[in-house]
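The sequence and structure are shown below.

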Amino acid sequence: MAIFSVYVVNKAGGLIYQYDNYVPRAEVEKTFSFPLDLVLKIHDEKVVVSFGQRDGIRVGHAVLSINGVDVNGKYTAEGKDILEYLKDSSNYPVSIRFGRARLTSNEKLMLASMFHSLFAIGSQLSPEVGSSGIEMLETDMFKLHCFQTLTGEMPIRCELFDQNLKSALEIAEKAGTFGPGS
């Protein structure tokens, strides 16, 4: 199993380092005729599917391109509003590519601080004295492992740290360090 991302969070819950190692982008492209049989809405400055799963297109998938041209958030490359563009029957047939949009920097910060809060609550609520908190969170799609530094410190981001991290991730993936399904 691949290592998707590495997040380093300080004791206060702030994200101090993040590295995307592998970002799978399951994408689906389909040509539609008018009217569009999916319900789209704007969520976090992206146009996403809110109703009408079909042909590999899922609720939560974002519009990534229209007619082969990447979109910028909720706008076409020409600066037109995507929802308005798709309401106009003269723009059909239209080819739309859907997929999971990459997390924004702000979403990464929120994700790290939320996990830190869960980790802190888990440490305090554990019936075991001196519990280290969450060690692993497992879902049907991924496993999130939580490691703590021995010293409690993290060096400031530097090129040498990035190189060593990339090497460690490559070695871990080749060796299958986390085992099947990790």
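Predicted model: local features only at pLDDT ≥ 70, side-chain atom pairs only at ≥ 80, totals over all residues.

## Aromatic pairs

Two aromatic pairs are found in a search of the whole structure. In one of them, the ring centres of F32 and F98 lie 6.1 Å apart with the planes at 85 degrees, so the arrangement is edge-to-face. Because F32 belongs to strand 3 (residues 28–32) and F98 to strand 8 (residues 94–99), this pair ties together parts that are 66 residues apart in sequence. Both F32 and F98 are buried.

F34 and Y92 also pair: their ring centres are 5.2 Å apart and their planes stand at 70 degrees, so this pair is edge-to-face. It links distant parts of the chain, 58 residues apart, with F34 in the loop between strand 3 and strand 4 (39–43) and Y92 in the loop between helix 1 (82–87) and strand 8. F34 is partly exposed, at a relative accessible area of 43%, whereas Y92 is buried, at 12%.

## A charge over a ring

The ring of F32 also has a charged neighbour: K30 lies over its face, at 5.7 Å from the ring centre.

## Nonpolar surface patch

On the surface, a nonpolar patch is formed by L137, M141 and F142, which together have about 300 Å² of accessible area. Of these residues, M141 is located in the loop between strand 9 (136–138) and strand 10 (143–145). The relative accessible area of M141 is 64%, over the 50% cut-off, so M141 counts as exposed.

Key: Residues numbered from 1 in each chain as written. Heavy atoms only, no water. Phe/Tyr/Trp six-rings, centres within 6.5 Å; stacked < 30°, edge-to-face > 60°. Helix = DSSP H or I, 4+ residues; strand = E, 2+ residues; numbered from the N terminus. Buried < 20%, exposed > 50% of the residue type's maximum accessible area, 1.4 Å probe, protein only. Lys NZ or Arg CZ within 6 Å of the ring centre and 35° of its normal. Patch = residues over 30% accessible without salt bridge, like charges linked within 9 Å, V, L, I, M, F, W, Y side chains within 5 Å. Areas by Shrake-Rupley, 256 points an atom, 1.4 Å probe, with all protein chains shown as cover. Salt bridge = Lys/Arg side-chain N within 4 Å of Asp/Glu carboxyl O.
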